[in-house]
Amino acid sequence: MQRTPQQWSYWEKDLFLDGIEVTVLGAGIVGLTTAIFLKRLRPDWKIQVLDQWTIGGGATTRNAGFACFGSPTELVSDLTTQDEAATFALVKARWDGLQLLKETVDMQKADYVPCGGYELFFSEDELAWADTVDQIPRFNQLAHEATGVKNAYQIKTPAESGLPFSGLRQVVYMPHEARIHPGKMHQLLVAQAINMGVPVIRGVEVEHIHTDGQYAQMTTTDHGILRTRQIVVATNGFTRRLLPELDVQPARNQVLVTEPVPGLTWDGTFHYQEGYVYFRRIGDRILLGGMRHIDKMAEMTDDLSQTTVIQEALEHFLFKRILSGKKVAITDRWSGILGVGAQKWPILKRLDNNIIVAVRMGGMGVALGTGLGQQAAALTIS
Ligand SMILES: Cc1cc2nc3c(=O)[nH]c(=O)nc-3n(C[C@H](O)[C@H](O)[C@H](O)COP(=O)(O)OP(=O)(O)OC[C@H]3O[C@@H](n4cnc5c(N)ncnc54)[C@H](O)[C@@H]3O)c2cc1C
């Protein structure tokens with residue numbers, strides 16, 4: 001097994017070791033778009049992407065695939081910790097990020113469906129509805145200013161919405177939301193990077209970064225020490241392992257998928273309770289995820305396993321609300337890791353001559369990721 005650089009051939013060293021200008025750490029949406037935009041800006045630079053995992057891209061291939069820019073209860077919640085300007089700057093960044101993503105990859109090949117989205121309020125959500133309903137006209141005005149979209153949030157009765165969910169009391173329809181297949185989107189980004197001459201190297205875990213002002217050295221678990229001029233750290237929910245001083249905490253999100261359920265009459269991206277709960281269709285199946293707010297401390301982890309507490313809560317919501325008592329089998333369960341912190345805005349900054357970080361995407365990375373990648377590329381050449 002040739003693992004450390006001492007065992008590499010001349011040719012391998014020439015390609016993957018010598019004169020690497022930028023190493024992007026993390027092959028999620030942020031790392032891959034950083035590499036793509038950077039290669040456009042500096043075609044002559046040797047740029048590479050490293051990832052610890054042999055397949056997939058962190059949360060990027062484990063998410064729900066919502067192309068969304070902020071549901072009303074999420075905005076109400078954001079306004080308790082930040083002002084209107086910051087809240088709708090984030091809406092704008094999400095909207096702009098989605099437009100940039102559409103320009104960057106052929107979204108039809110990523111199963112892009114402009115299905116519209118819904119925020120749901122059930123019988124037990126009267127208080128949340130009371131906090132939300134009066135804000136809708138203002139949210140529409142601010143969303144229009146931020147994105148150019150009119151009537152982003154439309155109040156509907158359950159009957160008007162046509163949604164069959166048990167105990168549904170109020171609905172806010174968001175016609176501009178869409179869904180994608182995040183795995184296919186990721187594959188398209190990987191292919192684009194490779195086609196541009198950016199290798200995406202897998203199975204390399206970096207456990208320590210050391211800089212001397214001229215170079216950055218990455219100590220890896222199995223591949224010795226690698227050297228590069230600059231590193232862009234795009235490790236999101238795993239960042240504290242490398243840079244514990246940054247305010248990026250891991251937050252696990254658990255997901256389940258059902259067997260095919262014939263006769264589903266609804267489609268869209270569905271949000272509940274400030275975005276903590278979300279569901280959609282995958283063909284005739286239902287994907288449902290989230291609920292970390294019911295066991296928040298336990299879910300502040302980058303461990304990819306599942307827990308009974310969350311899985312039972314997801315199943316309860318599925319059978320009681322979505323399927324009105326009907327039982328179906330669960331065929332898939334998995335977890336993914338968000339990067340969160342005291343602020344919702346991502347962290348993009350140069351730590352020193354050799355290290356840039358582009359992390360803390362929360363549950364918004366499909367929307368924010370491409371814009372952050374573009375900004376990280378610009379920062380890397382500045
Ligand atoms: C279950 C779930 C559902 C979600 N749903 C949505 C949604 O519908 N819409 C939306 O916009 N967002 C959603 N998100 C959030 C979104 O997926 C993330 O914000 C986004 O994918 C983050 O992208 P990233 O590139 O920053 O990080 P990631 O995709 O997590 O990529 C980081 C990469 O870094 C690698 N890495 C980490 N540490 C190291 C190391 N030391 N050495 C080498 N490699 C390393 C990891 O292996 C990983 O591949 C969801 C997230 C989850 C978990």
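Tutor: Helices (H or I, at least four residues) and strands (E, at least two) are DSSP runs, numbered from the N terminus. This is a predicted model, in which local features need pLDDT of at least 70 and side-chain atom pairs count only at pLDDT 80 or more, while totals for chains, interfaces and linings use all residues. Residues are numbered from 1 along each chain as its sequence is written, and side-chain values use heavy atoms, with hydrogens and water left out.

With that in hand, the shell around the ligand has contributions of at least two residues from each of α2 (29-41), β13 (249-258), β17 (330-340) and α10 (365-381). Domain 1 (5-61 + 183-247 + 343-381) and domain 2 (249-340) each give the shell at least three residues, the domain bounds coming from an automatic or database domain assignment. There are 39 residues around the ligand, and those that come nearest are Asp 51, Gly 57, Thr 60, Phe 66 and Val 206; a residue is near when one of its heavy atoms lies within 4 Å. Sorted by class, the shell holds 21 nonpolar, 15 polar and three charged residues (Ala, Val, Leu, Ile, Met, Phe, Trp, Tyr, Cys and Pro count as nonpolar, Asp, Glu, Lys and Arg as charged, and the others, Gly among them, as polar).

The side chain of Asp 51 has an N or O atom 2.6 Å from an oxygen atom of the ligand, and for the side chain of Thr 60 the corresponding distance to a ligand oxygen is 2.5 Å. At Gly 365 a polar backbone atom lies 3.0 Å from an oxygen atom of the ligand. Of the 1,000 Å² of accessible area that the ligand has on its own, the protein covers 98% (Shrake-Rupley method, 1.4 Å probe).

Now to the salt bridges, of which a search of the whole structure finds 14 (a side-chain nitrogen of Lys or Arg within 4 Å of a carboxyl oxygen of Asp or Glu). One of them joins Lys 344 to Asp 78, with the closest N and O atoms 3.1 Å apart. Because Lys 344 lies in the loop between β17 and β18 (347-350) and Asp 78 in helix α3 (residues 72-78), this pair ties together parts that are 266 residues apart in sequence. Lys 344 is partly exposed at 27% relative accessibility, whereas Asp 78 is buried at 6%; buried means under 20%, exposed over 50%, and partly exposed in between (1.4 Å probe, protein chains only). These two residues also belong to a network of salt bridges that links Glu 74, Asp 78, Arg 94 and Lys 344.

Another salt bridge pairs Arg 138 with Glu 84, their closest N and O atoms being 2.6 Å apart. Arg 138 is in helix α6 (residues 136-147) and Glu 84 in helix α4 (residues 84-104), so parts that are 54 residues apart in sequence are tied together. Arg 138 is partly exposed at 32% relative accessibility, and Glu 84 is likewise partly exposed at 32%. A further salt bridge brings together the side chains of Asp 284 and Arg 281 at 3.5 Å, N to O; here Asp 284 is partly exposed at 40%, while Arg 281 is buried at 15%.

Key. A polar contact is a pair of N or O atoms within 3.5 Å; within protein, one must be able to donate a hydrogen and the other to accept it, and residues adjacent in sequence count only if both atoms are side-chain atoms.
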